[in-house]
Structures are given as structure tokens and as C-alpha cells.
Amino acid sequence: MTHKTILHINSSSRYQGSITREISELVVNQIGEQHLQHKLVERDLGKGLPFIDAAWVNANFTPEENRSEADNAVLSLSNTLVDEIKQADHIVIASPIYNFGIPAVLKAWVDLIARAKLTFKYTENGPVGLITNTKVTLVMASGGVPIESEMDLATAYLKQALSFIGITDVTVVDCASVTIEEKGIVLENA
Ligand SMILES: Cc1cc2nc3c(=O)[nH]c(=O)nc-3n(C[C@H](O)[C@H](O)[C@H](O)COP(=O)(O)O)c2cc1C
């Protein structure tokens, strides 16, 4: 049993009756039980995140050594979110499907964590992800679109964005296929 850090990201706008919140909590507990020593970091996006803007993009494109205090302040939340990813061994992302894709707030999170030199780097052969040895479990819910079907752009998008930063060990939990009572979630990559 080794020490593990689990990062739990919720993105449902709902707090009452949210399927992804309930199932992802079970998933997080199950991963925790498999590692006697573990630290849990909660990142709840349900109340919103700022969108990147011109000041953010300019600060991000400015080499670190040339950044002003204002640049660093603008990048501060983004830096925190990147640190959370870097420190995590296993990330559990809970995502409803909203209008065929991920919730806007989760896209805002992706925009804040896709950082050149921090989570990916440019090489002669194209971009390479820098987040390695990190497992992800996606906890996906919809109102009817079958998870991982062609209509489900949310799961496909998350896999693509995670792969871009180097994370390819991804397991998908389809909330429609599990019930909270039976707690029958099988996590092969925990
Ligand atoms: C704004 C909004 C948009 C939605 N769009 C879709 C959709 O495009 N396809 C679908 O199958 N379900 C859609 N749903 C249903 C949700 O995916 C479903 O209710 C899911 O359980 C929500 O996650 P939660 O229970 O964790 O809040 C939508 C729900 C909301 C609130």
C-alpha cells in the first residue's frame, strides 16, 4: 500500500440530486480504500471558474522570468489548478453531458490547465504531454445520450484533452450502468 493523492473534480451545476456527484464520491471512496494512506483534494467547479481572457493569454505567453506581478496574479488560479494535477496520482472527473459536450465550467478548467512548459511542451515532433503516471476515472452522466456513443462529445473531448497533457490511462464510469445501492463500480485502474 503506497501513499496516493486523489484529486476529485466535480462539474455538475446541481448539488441536490446530482448523479455525477454521488457516483464520483463512491468512486473516490473506493479508490481511497485501496490505498491505506491517501490524501483527497476536492476541486468543486459547480460554482464557476473565470474564463481565460486577453490578460491571461498574454501573461501565459510571457516567459516566466519576464512576468510582472500583475501577470503572476492573473495566472495564480491556473497555477494552483496545474499543481493539483501534478500532485495527483489519480484524478476523478465527474462530468454531466450538457448539450452534447462537457459543462462550460469544465471547459474553463481545461483552458486553465493546458499550459505550455507545465502540462505539455512543444518539441520538433509536435506537442508532448508532461503529466505522466497519472490515472483518470471519468464519471459521466447524461439524460439519454449513450456514454461513449458518437453523440457523446463530452467523453471523447475529455479523453483528447487529457491525452494532450500526457494522460492516457483513462477509465470511464457510465453512471447509467451503476446504481448507488449496489455500489458495483469496478475500477480496473485504481
Ligand atoms: C443544461 C443541461 C443540458 C443537458 N444536455 C444534455 C444533452 O445534451 N444530452 C443528454 O443526454 N443529457 C443532457 N442533460 C441531462 C444531464 O446530462 C443529466 O441530467 C445528468 O444526470 C446531469 O448530471 P448531474 O446529475 O450530475 O447533475 C442536460 C442537462 C442540463 C442541466
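I'll start with the ligand and then move to the strands and a salt bridge.

Quick housekeeping: this is a predicted model, so local features need pLDDT of at least 70, side-chain atom pairs count only at pLDDT 80 or more, and totals for chains, interfaces and linings use all residues. Residues are numbered from 1 along each chain as its sequence is written, and side-chain values use heavy atoms, with hydrogens and water left out.

So, the ligand. It has 16 residues around it, the closest being Ser12, Arg14, Ser18, Thr20 and Ile97; a residue counts if one of its heavy atoms lies within 4 Å. Now look at the ligand's oxygen atoms and the protein backbone. A backbone N or O atom of Ile97 sits 2.7 Å from a ligand oxygen, and for a polar backbone atom of Val145 the distance to a ligand oxygen is 2.9 Å. On its own the ligand exposes 640 Å², and the protein buries 72% of that (Shrake-Rupley areas, 1.4 Å probe).

Next, the strands, which are DSSP runs of E with at least two residues, while helices are H or I with at least four. β1, residues 4-10, pairs with β2, residues 38-44, in parallel over seven bridges; pairing takes at least two DSSP bridges. Lys4 is opposite His38 in β2.

Last one: Asp44 and Arg21 form a salt bridge, 2.9 Å from N to O, where the cut-off is a Lys or Arg side-chain nitrogen within 4 Å of an Asp or Glu carboxyl oxygen. Asp44 is in β2 and Arg21 in helix α1, so this pair ties together parts 23 residues apart in sequence.

Terms used: Polar contact = N/O pair within 3.5 Å; in protein donor to acceptor, adjacent residues only side chain to side chain.
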